Amino acid sequence: METRSRLEGIRVSYRGRERRRARSLTLSFVAAGVLVVSNSPGVAAAPGTNFCGRTTRSELASCRSGARSDKLLAEGKCANISDATQAKACNDQAAADNQDALQLCKDQKGLRKGVCARLGPTPYAPVIDPANFPNSTTIDNPFFPLVPGTTFVYEGQTSEGFEHVEFAVTHQTKDILGVTCVEVHDTRQLGGTLAEDTRDWFAQDMSGNVWYFGENTVVLADGLPVDLSGTWTGGVDGAHPGIVMKASPTVGDFYRQEFLLDDAEDLAEVKSLVETVMVPLAPGTFDNCLETEESSPLAPGDVEHKFYAANVGNLLTIDMAVDPPERSELVEIRTGL
């Protein structure tokens with residue numbers, strides 16, 4: 001979704017994939033805060049049952065098992081090296097990679113426990129009733145308006161090169177869980193070369209909340225697809241939609257934006273409603289902006305701060321995982337496409 005896809009385009013799980021910018025365990029959502037969206041609205045947990053905790057423990061066991069499997073496979077490849085010095089270097093690397101993988105498993109567990117402490121023990125299973133989405137494709141939430149034919153253009157300098165992102169609201173729709181969703185075509189270029197190509201699906205409920213129903217994302221290298229991880233669709237394989245923008249954001253709100261264990265676990269917290277933001281788009285300065293913090297247990301240490309202006313949408317994304325932080329700024333809004 002949007003520029004966030006740059007964090008999820010490359011899986012952070014160790015299972016045969018490269019870990020992207022894993023850093024220290026510093027996500028602020030582990031701290032205590034206001035609980036505004038239960039893990040599963042309308043679903044009560046049986047007395048003494050911590051479903052969220054069970055999910056955390058099961059994923060930890062799966063993560064550790066995957067790390068062991070990868071180590072055994074690596075050792076098998078090392079055993080096929082006849083040169084003793086090279087074989088030893090290969091086994092040493094396999095052992096080091098295994099330690100990194102196990103540490104990532106531990107860090108993810110700690111973050112998921114923090115999420116459970118805030119959202120409660122119930123399963124995350126929001127009730128999606130199509131009757132609550134009577135005008136689902138009319139997405140006019142002031143902070144997240146999606147008018148078909150509109151393209152939001154973002155640019156910024158990153159450690160990977162100059163970034164150009166286009167978030168294009170198409171005239172296409174997709175039916176997910178009985179709800180008609182607006183399709184957004186989200187592309188990211190680095191140095192003029194396409195690096196990610198994503199289709200996102202959104203719908204607005206009768207209260208004005210904008211829900212995120214899924215995405216199909218492709219990461220490319222040298223023009224060829226290299227990763228499809230992070231792809232999910234609500235209702236498929238245990239995936240559930242989440243709220244990408246609340247109808248009435250309140251400081252302290254903390255909620256899931258998506259949920260497919262080990263693939264899509266983005267969370268957001270409302271940090272402020274009165275920020276002043278400067279970006280290249282005229283008039284340049286926007287007051288009383290909404291600030292959110294987005295993070296995921298899948299990527300320990302990766303945190304983004306996003307800023308939204310009423311009746312405009314997302315103005316600015318700041319990637320806090322790098323030093324100095326990197327900015328992706330709204331530079332143009334194209335309409336009538």
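The model is predicted, so local features need pLDDT of at least 70 and side-chain atom pairs count only at pLDDT 80 or more, while totals for chains, interfaces and linings use all residues. Residues are numbered from 1 along each chain as its sequence is written, and side-chain values use heavy atoms, with hydrogens and water left out.

**Exercise 1.** Describe the secondary structure and the contacts of the protein.

*Solution.* Start with the DSSP runs: helices are H or I over at least four residues, strands are E over at least two, and both are numbered from the N terminus. The protein has three helices and 15 strands. Next, take contacts (heavy atoms within 4.5 Å). Among those between residues at least 6 apart in sequence, 58% join residues at least 24 apart.

**Exercise 2.** Locate the cis peptide bonds from Ala282 to Pro283 and from Asp323 to Pro324.

*Solution.* For the bond from Ala282 to Pro283, omega is near 10 degrees. Pro283 sits in the loop between strands S11 (267-278) and S12 (285-295). For the bond from Asp323 to Pro324, omega is near 0 degrees. Pro324 belongs to the loop between strands S14 (313-319) and S15 (326-334).

**Exercise 3.** Work out the setting of Asp237, a residue other than glycine with positive phi.

*Solution.* First, its phi is near 60 degrees. Second, Asp237 lies in the loop linking strand S7 (232-233) and strand S8 (240-245). Third, Asp237 counts as exposed (over 50%) because its relative accessibility is 70%.

Methods
Buried means under 20% relative accessible area, exposed over 50%, partly exposed in between (1.4 Å probe, protein chains only).
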